[in-house]
Amino acid sequence: MMRHRQLLLATACLWALSCASLLSASAPDGAGLLRVSLNKNRLDGEALAAAKLARQQDSRRLGAAARHGDEIPLVDYLNTQYFGVVGIGTPPQNFTVIFDTGSSNLWVPSSRCYFSIACYFHHRYYSRKSSTYKADGETCKITYGSGAIAGFFSKDNVLVGDLVVKSQKFIETTRETSVSFILGKFDGILGLGYPQISVGKAPPIWQSMQEQKLLADNVFSFWLNRNPEASSGGELVFGGVDPKHFKGNHTYVPVSRKGYWQFNMGDLLIDGHSTGFCAKGCAAIADSGTSLLAGPTAIVAQVNHAIGAEGIISTECKEVVSQYGEMILNLLIAQTDPQKVCGQIGLCMFDGTHSVSEGIESVVGTENLGSNVMCSACQMAVVWIENQLRENKTKELILQYANQLCERLPSPNGESTVSCHQISKMPKLAFTIANKTFTLTPEQVLSSSL
C-alpha cells in the first residue's frame, strides 16, 4: 500500500522539470555555474520508518571526502528529500543540510545543545574551533511542519561548493523538539526563501551571495533525478541553469508574493477534466523542503476518488449531500452564485456578500470538527455538483458522485491508501501554470506521496 497524502499544487514544477528560482538566464554552455550534486540512497528498514513521518528521511551521511571540484554531493532519499554538505567556519566544519525554499534561515546543531537527543545524533558546530566566528547571541525559535527548533544567532563563513559566503548569520540550535530531527540524517536546514520570512531578519544565503557578488547570474535552479538506479540524485545549481539537464525552454512565472516562492496557478485537471476549485486561479508555492503535494480538500477528495484511494467516511459530508444535495443542484441550475448557495440554505453564515468562512476549509483538521464542518462540506459539495453540471450529468448521477466523494475524504490524520497494483489504471493529473499545462503521470504523482 502506498500512502497518498494531500497534494501540494506548487511542487509540480520541481518534480516535472528543473525549476529556475530567482531571476533568469544562464550561461548557455553551463560554464561558471556552482553545482550541488544529488546522490541516490537505497531503502532500508530504518529509512522506511522515518519516511512515514513528515520530512523524515534516512540516508547515508556524506563527508568532506565526497566533495569534488565545485560540486557538493546531495543525497536523494526515495525522491522525498534532497540534501547535502556545506561547511561552516574556518576551517570548515561539515554539515548535511536540506536546501529548503519553504524557509529562509540556516541552522545547525550547536555544541551547546545539551538537552535535545537529536543533537547527539548529528554534527554540532563548535564556535571555538573557527577563526572567523563572530558572536551575535540573539535568541530565536522556528516552528516547521515537522517540529520546532530554538537557539541563538551567530555569524561565520559558510562554504557552499567553492564559494565562501562571508560572515553569514545563522542559528546554532540548542533545542530540537521533533522525532523528525532524530530520525533524519540531515544535520540542519539551509533556507532558500525570501528575507521577508526569515526569523531574526537574517539574510538568506542566496541573498548574501548576491550582495557579495559571488554569482555571475542571480539564479538558482534544481534538477531532480528521478531514476531510482542512478548514483546521482541531481543538482542544485547556483548562478544559472545547466542546459544539460533539460530540453526545450523553461516556462517562467512571476513571483506573486515574496516570502515563499509563491506564484499564481490555474486549474488542476484529472484526465483533462477540471476539478473546479482553482479554475479561476489559486496561489501556490514551490517548496523544495517537502516531499508532499498538498491542496484544498475539495480537490484532494476528487483526486482520491479518481485513483481509488480509500479514506474514512465523513458522516457530515454524506448528510449534506443527502439532505441538501438536490437543493444545491436546483440553486446552481437557477444560476445562483455558487459562493452564496451554502449561505442561502443556512449551512454557512452569510453577510450579504460572501460566506463568513472564506473559502473551503479542510474538514479533517481538528480545528474544524465543530460547527464549521457542515459549512465546509456544503462548500465542497457545491464545487463537485457544479463540475458535474458542466458535464451534463443527470441529477441521480451527480448526487451519487458527490456521495462517493464524501467517502473519499482523507482520514483525520490526512492520509488515505491506494493499491500500488492499480497505478497503471490511474488518471493523469495536469497543473496549469503560466497558461501552460504540465501533465504528471500516476507514477510521478504517487512517487512524490509515499
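The following questions and answers go through a predicted model of one protein chain.

Residues are numbered from 1 along each chain as its sequence is written. Because the model is predicted, local features need pLDDT of at least 70 and side-chain atom pairs count only at pLDDT 80 or more, while totals for chains, interfaces and linings use all residues; side-chain values use heavy atoms, with hydrogens and water left out.

Student: How many helices and strands are in the protein chain?
Tutor: Helices (H or I, at least four residues) and strands (E, at least two) are DSSP runs, numbered from the N terminus. On that basis the protein chain has 11 helices and 20 strands.

Student: What percentage of the 450 residues count as buried?
Tutor: Buried means under 20% relative accessible area, exposed over 50%, and partly exposed in between, with a 1.4 Å probe and protein chains only. Of the 450 residues, the buried share is 55%.

Student: Which residues does the UniProt annotation "active site" cover?
Tutor: The annotation comes from an unreviewed UniProt entry. UniProt positions are given in the numbering used here, feature names are shortened, and annotations may be inferred rather than shown by experiment.

Student: Is Asp100 buried or exposed?
Tutor: Asp100 is found in strand S6, residues 93-100. Its relative accessible area is 1%, so Asp100 is buried.

Student: Which residue's backbone nitrogen does the side chain of Asp287 reach?
Tutor: Asp287 lies in the loop between strand S17 (282-285) and helix H6 (297-307). At 10% relative accessibility, Asp287 counts as buried. Its side chain reaches a backbone nitrogen at 3.3 Å, that of Gly102.

Student: How many of the 11 residues of H6 are buried?
Tutor: The buried residues of H6 include Thr297, Ala298 and Ile307. H6 is mostly covered, and its count of buried residues is nine.

Student: Why do the buried residues of H10 line one face of the helix?
Tutor: Helix H10 (residues 395-407) has 13 residues, and among its buried residues are Ile398, Leu399 and Tyr401. The arc is that of the directions from the helix axis to the C-beta atoms. Seen down the axis of H10, the buried residues line one face because they fall within an arc of 155 degrees.

Note on methods. A polar contact is a pair of N or O atoms within 3.5 Å; within protein, one must be able to donate a hydrogen and the other to accept it, and residues adjacent in sequence count only if both atoms are side-chain atoms. The expected span of a helix is 1.5 Å times one less than its number of residues.
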